[in-house]
Structure formats: C-alpha cells, structure tokens
Amino acid sequence: MKRNIVIAAVTAAALIGGGTATALATTEDGGSARQAANTRLSDDDVRDDQDGPDAQDDGDDAARAASADVTAPEAIASALKHTSGTAVSAELDDEDDSGKAIWKVDVLSGDNTWHSVSVDPSNGKVLGSHTDDEDDTAQVRAALKGASVTAEEAAKAAGGKGTVTSVDLDEDGKNKSWEAETHKSGGAEQDWKIDLNTAKITADHDQDQDDDQD
C-alpha cells in the first residue's frame, strides 16, 4: 500500500513537471519521492539562472536594437528639429503600456524646460512630446559648458562599436562624459564613455563592474 501511494504521488508530480522523475518511484520508502522533488528543484534553479531577469533584459535590448531602422544620431536630429534645445539623452525603450520600442530623446530648451520627445524607430517621425520636471538642470548646464561634442556626435562615435541603444550625459563626478550603450548581433551589451571635447571613446569598465555587482 505504501509503495502504491509513493508511486501515485511521484507519477502525479511527473505529469505536472514534464515526466522528470517517473523512474525514481521504485522503492517502498519516501526517499525516491524526496529525491524526485530535489531533482526537479535543481533543474528549476538551472533554468532560472539561464533565463533570469538579466538574460531576458539583454535579449529584449538586442531585439529592440535589431528592429530599429532609425539610428540614435538620426533620432536625436529628428527630436531637435521638432524641439529646439540641447539633447541630453536618447534611449531606445519600450513605450509605456504598449511594448512597442521607440526612441525617447530628452531635450533641454533654452529656458531650462525639459522635453521628452518620442521618435518612431522605423521612420524617424516625431510621435509626440511632453515636458518633464528635472532637478539636475544646473549640473547638466555646468557639465556641458565649454563642451564641443554633442549627444548626436557621441552617438555617432559609439556607433563604430555596435548598434547604439542609448546615449546619456554623465554629469556627476570629476570625469564628466557622454555614456553610450551598444549591442552587436548575437553579443552582449557594452558600455562606453565618450569624451565631451575630443569624442575619444573608451570602454566603461566602472559600469561593467557595477552590473556584475548587481
């Protein structure tokens, strides 16, 4: 009777879990049932490691990069034609609640108003814009004072390393710069720093270390 109960329990578990433990229900004690459960948990842990949030995010970013016909420099140029000012960042991201990828370009106008401009990645048309409230306007102005490299030029420089999915101003710390993220076909993302005056591009190892710690 006990053996039949064990077999029934393990068989039910196997049916639910895809048949991973049917061969283990051969003894008359509860060891095989526990082993089956542990085996299934171990398999799930491996799948979680392979299909975790970071892996999914990288895959999503790579897919967005591959689907965009409009490059980061082109998206920035289109946004600035619509809204005059200084482009401070551009990112290829999911549109709110729709899952559709669009370019979002942040523009700081001459009167210190922040504008978020949405650009279609398939044709470069501006889809709309709205004003934002930001508290780092003074820092951004100070970082860009005397800078000769624009966000558009920084994105062009990073384009030699792969498909640019974002460019942003790093106005904190001593070494202020543009930061860009690129993707290559079948490869992981890479972060770069672009000098504000020379457009010299270097690998952003600090960002890579931060990602590893996360």
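**Salt bridges in the predicted model**

1. Lys156 is exposed, at 55% relative accessible area (exposed is over 50%, buried under 20%, partly exposed in between; 1.4 Å probe, protein chains only). Its partner is Glu152, in a salt bridge with the closest N and O atoms 3.9 Å apart (a salt bridge is a side-chain nitrogen of Lys or Arg within 4 Å of a carboxyl oxygen of Asp or Glu). Glu152 is partly exposed at 22%. Both residues sit in helix H6 (residues 151-158), four residues apart, about one turn of the helix (helices, H or I, at least four residues, and strands, E, at least two, are DSSP runs numbered from the N terminus).

2. On the basis: this is a predicted model, where local features need pLDDT of at least 70 and side-chain atom pairs count only at pLDDT 80 or more, while totals for chains, interfaces and linings use all residues. Residues are numbered from 1 along each chain as its sequence is written, and side-chain values use heavy atoms, leaving out hydrogens and water.

3. The structure holds four salt bridges. One of them joins Asp120 and Lys100 at 4.0 Å, N to O. Asp120 lies in the loop between strands E3 (114-119) and E4 (126-132), and Lys100 in the loop between E1 (86-94) and E2 (101-108), so the pair ties together parts 20 residues apart in sequence. Asp120 is buried at 9%. Lys100 is partly exposed at 42%.

4. Glu179 and Lys193 also form a salt bridge, 3.3 Å from N to O. The pair links distant parts of the chain: Glu179 is in strand E6 (residues 177-183) and Lys193 in strand E7 (residues 189-195), 14 residues apart. Glu179 is partly exposed at 23%. Through shared partners, salt bridges join Asp170, Glu179 and Lys193 into one network.
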